[in-house]
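Colleague: I'm new to this one and would like to know what the labels rest on. Could you take me through it?

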Amino acid sequence: MSQKNNPGLPPLRRGWTRVPDEKIPKPTFWPAALALGAVLTLWGLVTSFIVATVGLLLLILSISGWLEEMRHE
C-alpha cells in the first residue's frame, strides 16, 4: 500500500508492512448463552435435576444457534 492511497495513515518504518483488511464477524450473544448453559448444567449436577435440564437445553440451543449463524456467514 502506498501513502498516496491512504493519506490518513502514518508512514511505516523500514521493513514493516500493513496488515490487510479482514472481515470481522458481527457480534452475537451465542457464546454468552453457551457459557450460561454450561454453568447451569454443572451447577444443576450439584444442586437440582431441573437446573441441569434447563442448562443442558440452553447448551444445546446455543450450540445449534451459533453453528447456524456461522453457517450463514
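This is a predicted model: local features need pLDDT of at least 70, side-chain atom pairs count only at pLDDT 80 or more; totals for chains, interfaces and linings use all residues.

Colleague: Okay, so why is Thr41 called buried?

Modeller: Thr41 has a relative accessible area of 14%. The limit for buried is under 20%, so Thr41 counts as buried. You'll find Thr41 in helix 1.

Colleague: What does Thr41 touch, leaving out residues up to four places away in sequence?

Modeller: Ala52, Gly55, Leu56 and Leu59. With Gly55 there's a polar detail too: a polar atom of the Thr41 side chain lies 3.2 Å from the backbone oxygen of Gly55.

Colleague: And Trp30, how do you know whether that is buried or exposed?

Modeller: Same test. Trp30 comes out at 15% relative accessibility, and buried means under 20%, so Trp30 is buried. Trp30 also belongs to helix 1.

Colleague: Which residues is Trp30 in contact with, beyond its neighbours within four places in sequence?

Modeller: Leu61, Ser62, Gly65, Trp66 and Glu69.

Colleague: What makes the link between the side chains of Trp30 and Glu69 a polar contact?

Modeller: The distance is 3.3 Å, and the cut-off for such a pair of N or O atoms is within 3.5 Å. As for Leu59, its C-alpha atom is 9.6 Å from that of Trp30, although the two are 29 residues apart along the chain.

Colleague: Now for Gly15. Why is Gly15 called exposed?

Modeller: Gly15 has 74% relative accessibility. Gly15 sits in the segment before helix 1, which runs 30-46. From Gly15 to Ala35 is 20 residues in sequence and 43 Å in space, C-alpha to C-alpha.

Colleague: How do you know how the whole protein compares with a compact globule?

Modeller: Look at the radius of gyration: the protein has 22 Å, while a compact globule of 73 residues would be near 11 Å. The C-alpha trace spans about 65 × 25 × 20 Å along its principal axes. By the burial cut-off, 15% of the 73 residues count as buried.

Colleague: And how many helices and strands make up the secondary structure?

Modeller: Two helices and zero strands.

Definitions and conventions:
Residues are numbered from 1 along each chain as its sequence is written. Side-chain values use heavy atoms; hydrogens and water are left out. Helices (H or I, at least four residues) and strands (E, at least two) are DSSP runs, numbered from the N terminus. Buried means under 20% relative accessible area, exposed over 50%, partly exposed in between (1.4 Å probe, protein chains only). The radius of gyration is taken over C-alpha atoms; the globule rule is 2.2 Å times the number of residues to the power 0.38. A polar contact is a pair of N or O atoms within 3.5 Å; within protein, one must be able to donate a hydrogen and the other to accept it, and residues adjacent in sequence count only if both atoms are side-chain atoms. Contact means heavy atoms within 4.5 Å.
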